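Subject: Structure handover

Hello,

Here is the structure I said I would pass on. My notes on it follow below.

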Amino acid sequence: MTGQQLLAAFTNLGKGLRRWMQATMPTGGGMTVPRASLLLGLTLKREPTGMSELGESLGMSPRNMTVLVDGLEAEGLVQRVSHQHDRRIKLVELTPAGREVAQRELGPSQAAAAALFDDFMSEERDELLRLLGKVGDTLRARGVEMPSREQR
């Protein structure tokens, strides 16, 4: 298999995973796919995250991200915090109320999405995680900014 074939497989897999995640997210009661995606994404972060990083992962423009975060902040589900080294940079994190809403409303869909890997044997999951970590290490070595293995 060539690098081009692997790249195409990753691209197609990423699209399929996003579609699966969106299909399992609840959208009733005011929970839209972008809101659910942002809340779920923040549950996976160990520390506050930049809006540009979040917007990029959700495929949203900076303006749309601002509107989304403004709405969630007004509801007390997220909060903006200053970057520890550059006060001009605003990061976003879940509030305790946001974490509770995400767990209650999105926990079942997250479990359904994670169930995709139930067909894998434990050794296969370990190997897949190892290989994905190696891809991440290679990207970081090439100067791509992304979370370290410890932040996952």
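Two strands are said to pair if DSSP finds at least two bridges between them. Helices (H or I, at least four residues) and strands (E, at least two) are DSSP runs, numbered from the N terminus.

This is a predicted model, in which local features need pLDDT of at least 70 and side-chain atom pairs count only at pLDDT 80 or more, while totals for chains, interfaces and linings use all residues. Residues are numbered from 1 along each chain as its sequence is written, and side-chain values use heavy atoms, with hydrogens and water left out.

The sheet

Three strands form an open sheet in the order β1-β3-β2, with antiparallel pairing. Because β1 and β2 stand at the edges with a single partner strand each, one side of each has no neighbour in the sheet. In general, strands of a sheet pair through backbone hydrogen bonds, either parallel or antiparallel.

β1 (residues 49-50) pairs with β3 (residues 90-94) over two bridges. Threonine 49 stands opposite valine 92 in β3, and glycine 50 has leucine 91 as its bridge partner.

The loop between β2 and β3 holds arginine 88.

The helices

Helix α2 (residues 33-43) packs against helix α4 (residues 62-74) at an angle of about 75°, with the axes 11 Å apart. Axes are lines fitted to C-alpha atoms, for helices over the stretch in contact, and angles run from 0 to 180 degrees between N-to-C directions. Contact means heavy atoms within 4.5 Å. On the α2 side, Pro34, Arg35, Leu38 and Leu39 make the contact; on the α4 side, Met65, Leu68, Val69 and Leu72 do.

Regards
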